[in-house]
Amino acid sequence: MPVPGRGAGERAAGLAAVRERALAGPGEGATAAQHARGKLTARERIALLLDAGSFREVEQLRRHRATGFGLEDNRPYTDGVITGWGAVEGRTVFVYAHDFRIFGGALGEAHATKIHKIMDMALAAGAPLVSLNDGAGARIQEGVSALAGYGGIFRRNTRASGVIPQISVMLGPCAGGAAYSPALSDFVFMVRGTSQMFITGPDVVRAVTGEEITQNGLGGADVHAETSGVCHFAYDDEETCLAEVRYLLSLLPQNNRTGPPDVPCTDPPGRRSPALADLVPADGSRPYDMGAVIGEIVDDGEYLEVHERWARNIICALARLGGQVVGIVANQPQTLAGVLDITASEKAARFVQMCDAFSIPLVTLLDVPGFLPGVDQEHGGIIRHGAKLLYAYCNATVPRISLILRKAYGGAYIVMDSQSTGADLTFAWPTNEIAVMGAEGAAGVIFRRRIAAAEDPGAMRERLVEEYRSALMHPYYAAERGLVDDVIDPAGTREALVASLAMLRTKHAETPSRKHGNPPQ
């Protein structure tokens, strides 16, 4: 350690020695153990996340002041968390990374204070915050002080919500109350095999319920990506995961006062896509891949799907149109015919809210036969959960464009950003069918007695179904009533969307004065 009274040169040399100790961490053995678990060190992760040479560390020399249980004899620099800022593609990003080699990454008072400070700095600077999580929860030796540290993190997560993008990257265990910080962030990334999240671990589950389950079976990446919906992105290794975090950041703004970054568009805005007519069958009962439709429309066919493996009957994705970032919400006819259900409504509602918070225009692609019927859905609260999506769209002030490809039936049509709920522009393909319900169901209700009394009920039903379809479900019915702004050639979809987004770029929406809304929960 530097000694008072020595010259500046000696003190600088002493400082260099201290920094070398701080950078080295607990030693080669701890580093080897971390690598043996298939995990990188905190500094290796930061190096992958940020532009080379851009990281500036904050409070590198911080050490805890706790006593008891041998803590006074073990006071490593950084206290198990590395904090600072750097750049991703030249734009400022703040980061904190748990160092599992020190106290297992467990959170103590000094550790928490460092995180609080970097979160406050990110909010003040108006720049994204990325947390690289690999910690064993609260530092038990420090007692309630560690728990209070989590409270400070949660409060700051909430204050920053909708102001700066918050991304949680799970690279190790995250148990108990610690799991709530990722849940409060905008996006959660996980790595298969090494990251887990749960409130109560397998031992507690076994003791209370008698159920036997592994850590990954309870809260691994695949569980949260497919079943719980806690995880937005899951990858096989840390390198790929952190590369995708960088890609996501390239599609997000710095904060809620700036728009997402535009890039020069090499894909012609007026490019026609004749393939779209073949991708989408005119027969509404035949499935197709909406992902292929999105790929035909967006710049260079590239898009980043959010929650790809959860609620697969709806697609939520970030992409670019004409170089401008957009959020795409689309029914997926390949899964459950694209119906809306509880999980699809929750997934889309959260995505719409995120896009609205960060000034990302919304493009909605409709092919929806309605809400999923069933006792489980009704008892599970489909009314309440469907209302979340309705509220999110009605509350959104960003540019909103909807496109009806085929079916748009009943309440699901209204919920999926219809013109009546505030869509700025609504387009439809000539294959559109906008109605209260399908022609077969409608005819069965309206003409029930005529069908029953007919000599040939089957033939009568077929004739009346066609009569209903011709009268109320032809492609121009909604356009004639002003519910659709234009019926467009599918091949010209990209051109129509790019031109519309350019027009809406300067959209300004007045909102009523209120503290906040009270959305359905």
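Student: How much space lies in the largest pocket, and what makes a region a pocket rather than a cavity?

Tutor: About 1,400 Å³ of space lies in the largest pocket, where a volume is the space filled by probe spheres set on grid points that are joined across faces, edges and corners. On a 1 Å grid over the protein atoms alone, a pocket is an open set with protein on both sides within 12 Å along at least five of seven lines, whereas a cavity is a set of points where a 1.4 Å probe fits but cannot get out; lining residues have an atom within 4 Å of a point. This is a predicted model, in which local features need pLDDT of at least 70 and side-chain atom pairs count only at pLDDT 80 or more, while totals for chains, interfaces and linings use all residues. Residues are numbered from 1 along each chain as its sequence is written, and side-chain values use heavy atoms, with hydrogens and water left out.

Student: Which residues of the lining are closest to the centre of the largest pocket, and which element gives the largest share?

Tutor: Of its 46 lining residues, Ser161, Ala183, Ser185, Arg350 and Gln353 are the closest to the centre. The largest share, nine residues, comes from α13, which spans 342–357; helices are DSSP runs of H or I with at least four residues, strands are runs of E with at least two, and both are numbered from the N terminus. By class the lining has 23 nonpolar, 15 polar and eight charged residues, with Ala, Val, Leu, Ile, Met, Phe, Trp, Tyr, Cys and Pro counted as nonpolar, Asp, Glu, Lys and Arg as charged, and the others, Gly among them, as polar.

Student: What makes the pairing of the side chains of Lys39 and Asp134 a polar contact?

Tutor: A polar contact is a pair of N or O atoms within 3.5 Å; within protein, one must be able to donate a hydrogen and the other to accept it, and residues adjacent in sequence count only if both atoms are side-chain atoms. The side chains of Lys39 and Asp134 make such a contact at 2.9 Å.

Student: Why does Asn256 count as it does on the accessibility scale?

Tutor: Asn256 has 31% relative accessibility, so it counts as partly exposed. Its place is in the loop between α10 (238–250) and α11 (276–279), and a polar atom of its side chain lies 3.5 Å from the backbone oxygen of Gly162.

Student: What makes a set of residues a nonpolar core, and which members of the largest one touch the most others?

Tutor: The set must consist of buried Ala, Val, Leu, Ile, Met, Phe, Trp, Tyr and Cys residues joined through side-chain atoms within 4.5 Å. In the largest core, of 63 residues, Ile167, Val169 and Phe189 touch the most other members, and the largest share of this core, seven residues, comes from α13.

Technical notes: Buried < 20%, exposed > 50% of the residue type's maximum accessible area, 1.4 Å probe, protein only.
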